[in-house]
Amino acid sequence: MNYSEFFAMRMELLILAVFLIVFLFDTFASASARKATTPLAIISFGIATIAGFFCCGETVTAFAGMYETSPVISAVKCILNVGAFIVLLQAVNWIDSEDASIRRGEFFELLFVTLFGMYLMISARHFLLFIIGLESASLPLAAMVAFNKNKYESHEAAVKYIFTAVFSSAIFMMGLSFVYALSGGSLYFADIADSIRFNTNSVLLITAVAFVIAGFGFKLSLVPFHLWTADVYQGAPTSVTSYLSVISKGSAAFAFLVVLCQVFGAVYSDVWEWMMYALIILTITIGNLFAIRQRNMKRFMAFSSVSQAGYIMLGIIAANVLGMTSMIFYILESVFSNLAVFGVIQAIENKTGLVSMDDYKGLHKSNPWLSFAMTLAVFSLAGIPPFAGFFSKILIFTAATESGDVALYVLVLVSLINTIISLFYYLLVVKAMWISPDAPVVPSFRSSCLERVALWICTFGIILLGLVSCIYGYIYCVSSQAAADGFFMNLL
């Protein structure tokens with residue numbers, strides 16, 4: 001092995017450096033000096049995030065083809081970094097509180113380890129490396145979900161999450177064992193793709209693809225693999241919930257696209273296309289219908305994120321350059337929109353402990369800025385122009401119908417009908433804040449400085465993505481380059 005190949009993993013090395021800095025400081029610093037752990041983690045990760053934008057080089061493979069980096073992969077990692085940085089800003093007030101401060105170092109370390117695992121998932125071109133990344137991203141998240149160890153709900157959420165993660169990984173690896181047998185004993189994506197070209201009607205292959213999709217379905221909260229989502233979102237600390245809803249889901253979505261296109265592209269039309277039709281319709285519809293019934297804001301956002309996962313899958317089912325571009329843009333828009341909503345939820349929860357939608361009645365009278373930020377975010381999630389969410393939905397619908405297949409037009413029609421349903425339940429939040437005649441339940445307060453900074457970043461991102469086309473243009477450019485490098489060459 002040539003050790004210079006490690007330089008291809010520049011973004012992974014950056015996150016490992018941040019992890020080591022925080023870990024060593026938290027381990028060896030005195031008790032009084034550990035108060036600086038939070039600013040140290042945020043500043044060092046902020047520098048790594050900025051440096052990541054300069055790591056978008058050419059397509060490079062390393063370690064005998066097990067690892068690959070390219071401009072589109074680097075772009076996705078940068079999006080994850082931006083989202084994680086916003087989560088850290090929102091978490092400061094909570095992590096420095098009396099209950100959580102003793103474990104602040106562990107929170108940052110676990111978050112950086114999960115991010116490192118997500119990087120490996122995205123760059124893996126061999127299932128051994130992919131599984132290492134998957135488990136590195138999943139298992140520390142269970143500890144993060146259980147971070148509020150004195151609360152029963154946090155314990156319950158952690159148990160449900162760890163059992164779900166274990167079973168989903170077992171199902172996923174069972175599918176891989178079938179794929180391993182069909183490929184003649186290889187775990188390289190390219191070797192498997194070449195082997196299954198001649199077994200497209202194999203029952204074992206169809207079963208393997210179903211198991212792999214089911215394993216990813218748990219990670220992405222696709223229906224019917226979503227039952228853990230609401231309880232985990234409600235029981236976990238709000239910062240962890242926001243991390244789960246966007247960062248974890250965004251990395252899993254791109255990894256899903258890579259596996260389906262580069263490994264199972266040969267059975268696209270025969271096998272996984274119709275599987276995805278059913279999953280997308282069920283996910284969007286059930287996510288929307290269950291969101292209407294929720295009064296707890298975290299459970300409300302849980303089912304909203306289930307529905308959003310269905311829309312993201314439209315980019316995968318398109319299986320083309322426009323589909324990849326629209327999916328990445330949708331993930332970027334979700335980073336700002338979802339984190340803006342969770343930022344408001346967390347600010348109110350930190351001050352008052354209130355998380356019910358009924359507690360938001362009359363919020364504009366006591367906290368107009370928080371009401372404005374929340375309204376902007378839910379308008380974007382609902383797809384109201386001219387905000388980012390409107391364009392992300394238009395683009396992903398366009399990508400899904402580009403092939404001209406009648407079935408895809410029906411799929412998009414069902415998605416459009418569900419968009420109207422989602423508009424109804426998102427406006428329930430707006431109604432509570434602005435139209436309800438009740439006296440405000442949440443008293444007037446001033447959120448912390450970093451919480452306001454995070455909300456400003458999210459608000460700016462929502463408006464910017466809706467008005468500036470060069471960001472989408474850049475994503476399209478790197479996606480086109482990935483296609484030219486053979487990303488979709490296994491599709492038949």
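Mentor: Start with Asp-96, which is partly exposed at 33% relative accessibility. Keep in mind that this is a predicted model.
Trainee: Which side chain does Asp-96 meet in a salt bridge?
Mentor: That is Arg-104, with an N to O distance of 3.0 Å.
Trainee: And is Arg-104 buried or exposed?
Mentor: Buried. Its relative accessible area is 10%, and the cut-off for buried is under 20%. Asp-96, at 33%, falls in the partly exposed class.
Trainee: Why would such side chains pair at all?
Mentor: Opposite charges can pair when the charged atoms come close.
Trainee: How many salt bridges does the count come to?
Mentor: The count is 7. Among them is the one between Lys-77 and Glu-12, at 2.7 Å from N to O.
Trainee: Where do Lys-77 and Glu-12 lie?
Mentor: Lys-77 is in helix H3, residues 71–95, and Glu-12 is in helix H1. The two are 65 residues apart in sequence, so the pair ties together separate parts of the chain.
Trainee: Are those two buried or exposed?
Mentor: Lys-77 is buried, at 1% relative accessibility. Glu-12 is buried too, with a relative accessible area of 1%.
Trainee: Moving on to H6. Which residue forms a salt bridge with Glu-156?
Mentor: Lys-160. The closest N and O atoms are 2.9 Å apart. Both residues lie in helix H6, which covers residues 152–182.
Trainee: How many residues apart are Glu-156 and Lys-160?
Mentor: They are 4 residues apart, about one turn of the helix.
Trainee: What about their accessibility?
Mentor: Glu-156 is partly exposed, at 31%. Lys-160 is partly exposed as well, with 28%.
Trainee: Which residues are linked with them in a network?
Mentor: Asp-231 and Arg-299. Together with Glu-156 and Lys-160, they make up a network of salt bridges.
Trainee: New topic: empty space. What does rolling a probe show?
Mentor: With a probe the size of a water molecule, you see where empty space is left between the atoms.
Trainee: How many residues line it, and which lie nearest its centre?
Mentor: The lining has 19 residues. Nearest the centre are Ser-138, Leu-141, Tyr-161, Lys-219 and Ser-248.
Trainee: Now the surface. Which residues make the nonpolar patch?
Mentor: Tyr-3, Phe-6, Leu-13 and Leu-16, over about 380 Å². Leu-13 sits in helix H1, residues 10–28. At 37% relative accessible area, Leu-13 is partly exposed.
Trainee: Last one, cysteines. How many disulfides does the structure hold?
Mentor: It holds 0.

Definitions and conventions:
Residues numbered from 1 in each chain as written. Predicted model: local features only at pLDDT ≥ 70, side-chain atom pairs only at ≥ 80, totals over all residues. Heavy atoms only, no water. Disulfide = S-S within 2.5 Å. Patch = residues over 30% accessible without salt bridge, like charges linked within 9 Å, V, L, I, M, F, W, Y side chains within 5 Å. Areas by Shrake-Rupley, 256 points an atom, 1.4 Å probe, with all protein chains shown as cover. Salt bridge = Lys/Arg side-chain N within 4 Å of Asp/Glu carboxyl O. Buried < 20%, exposed > 50% of the residue type's maximum accessible area, 1.4 Å probe, protein only. 1 Å grid on protein atoms, 1.4 Å probe; cavity = no way out; pocket = protein on both sides within 12 Å on 5 of 7 lines; lining within 4 Å.
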